[in-house]
Amino acid sequence: MLILGIESSCDETGLALYDSEAGLLSHALHSQVAMHQAYGGVVPELASRDHIRRVVPLARAVLARAGRELKDLDAVAFTEGPGLAGALLVGAAFAKSLAFALDVPALGIHHLEGHLLSPLLSKHRPAFPFVALLVSGGHTQLMRVTEVGQYELLGETLDDAAGEAFDKTAKLLGLDYPGGPAVSALAETGHPGRFKLPRPMLNSGDLEFSFSGLKTAVAMLVRKQPADASTRADIACAFQEAIVEVLVTKCVAALQRTNLGRLVVAGGVGANRQLRAGLDEASRREGFEVFYPELELCTDNGAMIAFAAALRWKSGLPPADLVFSVRPRWDLAEV
Ligand code: KG4
Ligand code: ZN
């Protein structure tokens with residue numbers, strides 16, 4: 001079965017072709033980072049318009065790279081939610097129109113389901129069941145994943161997501177959007193131990209998170225300290241240490257609570273080197289296995305949508321109707 005996957009929930013237009021026998025055939029991405037940078041964050045209206053410009057050429061590109069044609073498609077999958085309404089509508093409208101024209105099913109996929117199944121695209125792939133840490137710009141969640149389509153929320157952030165904390169810290173440190181990679185790069189040049197920031201809810205005894213207090217602590221530190229480059233780097237380093245310690249500790253707690261031995265990490269913050277190092281170290285210490293998507297499939301992409309659709313179709317997901325509806329807010333536990 002050959003599936004075209006389309007991701008357009010935020011600031012990346014991602015398309016991919018996945019074949020249920022041959023695997024991922026091709027994927028292509030257009031990032032809107034340069035366009036939004038001037039505004040310091042994603043401008044939803046500009047995002048929607050840019051998805052419109054990119055989606056057709058990218059669809060042509062992934063078909064050409066794989067040596068396939070539109071008539072070879074067996075289904076068209078798209079991100080149905082959560083995300084920016086206008087941006088989601090571009091992918092939904094394109095996917096459903098194409099599916100209608102080709103007389104194949106259109107499959108609406110939950111963006112986070114795409115992320116959490118993406119490590120299954122790697123050579124080193126986890127077996128079910130596992131615990132998933134979803135760390136993106138809008139979400140920080142721990143889920144128990146029993147099988148495709150069975151997701152139980154174990155805990156989540158009560159306020160800011162981890163990615164959001166990275167992005168807000170970046171702004172406080174005078175770094176460009178998107179903040180995660182910039183803070184991470186700066187932190188690597190900093191000195192660990194000069195500053196100590198709070199570890200919110202580290203010992204709360206549950207699997208919930210809270211990161212808005214950490215951002216406030218960074219804001220106060222930035223105000224108090226001199227604005228030289230090495231101080232900024234040391235603050236970035238202290239911030240990253242705090243966030244990584246909280247994420248790693250809660251992952252270990254989730255594995256203990258569920259009695260599972262496999263952890264999957266997905267979403268943009270999963271690309272963070274320090275987080276990966278911390279989880280790798282904990283996995284050796286505690287004796288669990290940890291799985292990541294390929295680095296290029298950590299942030300938003302079309303491959304995870306095509307792949308999730310292939311797995312969901314096999315397990316009986318009904319085709320979407322042809323009404324252009326999306327779900328800007330959508331709990332993963334509801335899929
Ligand atoms: O999953 P994603 O690409 O989009 C959403 O679904 O939100 O995640 C984007 C988030 C942003 O907050 C970005 O700053 C963060 O992931 N991010 C990182 C890194 N790369 C992306 N955060 C920390 N370290 C990174 N290397
Ligand atoms: Zn995402």
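A residue is called buried when its relative accessible area is under 20%, exposed when that area is over 50%, and partly exposed in between, with a 1.4 Å probe and protein chains only. Gly40 is partly exposed by this rule, because its relative accessible area is 24%. The structure is a predicted model, in which local features need pLDDT of at least 70 and side-chain atom pairs count only at pLDDT 80 or more, while totals for chains, interfaces and linings use all residues. Residues are numbered from 1 along each chain as its sequence is written, chains are lettered from A and ligands numbered from 1 in the order in which they are written, and side-chain values use heavy atoms, with hydrogens and water left out.

The chain as a whole comes next. Ten helices and ten strands make up its list of secondary-structure elements; helices (H or I, at least four residues) and strands (E, at least two) are DSSP runs, numbered from the N terminus. The C-alpha trace spans about 60 × 45 × 30 Å along its principal axes. The radius of gyration of the chain is 20 Å, which agrees with the value near 20 Å that a compact globule of 335 residues would have. That radius is taken over C-alpha atoms, and the globule rule is 2.2 Å times the number of residues to the power 0.38.

Of the 335 residues in the chain, 55% are buried. The accessible surface comes to about 14,000 Å², and carbon and sulfur atoms hold 52% of that surface. Such areas come from the Shrake-Rupley method with a 1.4 Å probe, and for residues only the protein chains shown count as cover. Contact here means heavy atoms within 4.5 Å. Among contacts between residues at least 6 apart in sequence, 72% join residues at least 24 apart.

The zinc ion (ligand 2) is coordinated by His111 (NE2), His115 (NE2) and Asp300 (OD), at 2.0 to 2.1 Å. His115 belongs to helix α4 (residues 111–117) and Asp300 to the loop between β10 (289–291) and α10 (303–314), so this pair ties together parts that are 185 residues apart in sequence. Along the chain, the zinc donors have the spacing H-x3-H-x184-D. Donors are N, O and S atoms within 2.8 Å of the metal (3.2 Å for Na, K and Ca), and water is not among the atoms, so sites may look incomplete. Both His115 and Asp300 are buried.

The loop that holds Asp300, between β10 and α10, is also the place of Leu297. Leu297 counts as buried because its relative accessibility is 5%. Leaving out residues up to four places away in sequence, Leu297 touches His27, Ser118, Leu121 and Ala303. Leu297 and Met143 are 154 residues apart in sequence, and their C-alpha atoms are 19 Å apart in space.

Gly40, with which this account began, is in the loop between α1 (33–37) and α2 (44–66). Beyond residues up to four places away in sequence, Gly40 touches Lys171 and Tyr177. Gly40 and Lys171 are 131 residues apart in sequence, yet 8.2 Å apart in space, C-alpha to C-alpha. Tyr177 also takes part in a cis peptide bond, which runs to Pro178 and has omega near -5°. Pro178 is in the loop between α5 (162–172) and α6 (179–187). Another cis bond leads from Gly81 to Pro82, with omega near -15°, and Pro82 is in the loop between β4 (75–81) and α3 (85–102).

Helix α6 contains Ser184, which counts as buried at 10% relative accessibility. Apart from neighbours within four places in sequence, Ser184 is in contact with Gln240 and Asn272.

Met201 is in the loop between α6 and α7 (212–224), and counts as partly exposed at 23% relative accessibility. Asn259 is in the loop between α8 (229–258) and β9 (262–266), and is exposed, with a relative accessible area of 69%.
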